[in-house]
Amino acid sequence: MYAKTLLLALFAALAALTTVQACSDDKDFTWTYTFDGRRFTQHCSFLSNGNKATNTKRRNNHCSKNKVKRNCRKSCDNCGSNEPSTCKDTNFTWKSPSGVV
């Protein structure tokens, strides 16, 4: 029973860690866009380094782009809700070394 509890706790911790890692910006990602005839290259931090109104406007303009939304997950507030799940349920019965379920 202790081993089962420990194993479940380990799985829960691993799932939490995966969620935390998934909800971050790709620090190496950049995208390019044109504004008023000028070309700009930006990092994800561009979406969150202004004041509240500026950040909202930037997110509205750029987070709708799939590449930005996917690579700037934290800055675009896109932490897992829109991504397809890669988890699959399977039928599995845990057994102890002595064969007790």
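Modeller: The protein exposes about 8400 Å², and carbon and sulfur atoms supply 55% of this area; accessible areas come from the Shrake-Rupley method with a 1.4 Å probe, and for residues only the protein chains shown count as cover. This is a predicted model, in which local features need pLDDT of at least 70 and side-chain atom pairs count only at pLDDT 80 or more, while totals for chains, interfaces and linings use all residues. Residues are numbered from 1 along each chain as its sequence is written, and side-chain values use heavy atoms, leaving out hydrogens and water.

Of the 101 residues, 17% count as buried (buried is under 20% relative accessible area, exposed over 50%, partly exposed in between, with a 1.4 Å probe and protein chains only). There are three helices and two strands, in the order α-β-β-α-α along the sequence. Helices (H or I, at least four residues) and strands (E, at least two) are DSSP runs, numbered from the N terminus.

Now to the bridges. A disulfide is a covalent bond between the sulfur atoms of two cysteines; here the term is used for a pair of cysteine sulfur atoms within 2.5 Å. A search of the whole structure finds three of them.

Let's start with Cys-23 and Cys-79, joined with an S to S distance of 1.8 Å. This pair links distant parts of the chain, 56 residues apart: Cys-23 sits in the loop between helix 1 (2-22) and strand 1 (30-35), and Cys-79 in the segment after helix 3 (66-71). The torsion about their S-S bond is about 50 degrees, so this disulfide is right-handed. Cys-23 is partly exposed, at a relative accessible area of 23%, and Cys-79 is partly exposed too, at 35%.

Next come Cys-44 and Cys-72, whose sulfur atoms are 2.0 Å apart. Cys-44 lies in the loop between strand 2 (38-43) and helix 2 (52-62), while Cys-72 lies in the segment after helix 3, 28 residues away. Both cysteines, Cys-44 and Cys-72, are buried, and their link is left-handed, with -75 degrees about the S-S bond.

Finally, Cys-63 and Cys-76 have sulfur atoms 2.0 Å apart. Cys-63 is in the loop between helix 2 and helix 3 and Cys-76 in the segment after helix 3, so the pair ties together parts 13 residues apart in sequence. A torsion of about -85 degrees means that the disulfide of Cys-63 and Cys-76 is left-handed, and both Cys-63 and Cys-76 are buried.

To put the picture together, number the bonded cysteines in sequence order: the pairing reads 1-6, 2-4, 3-5.
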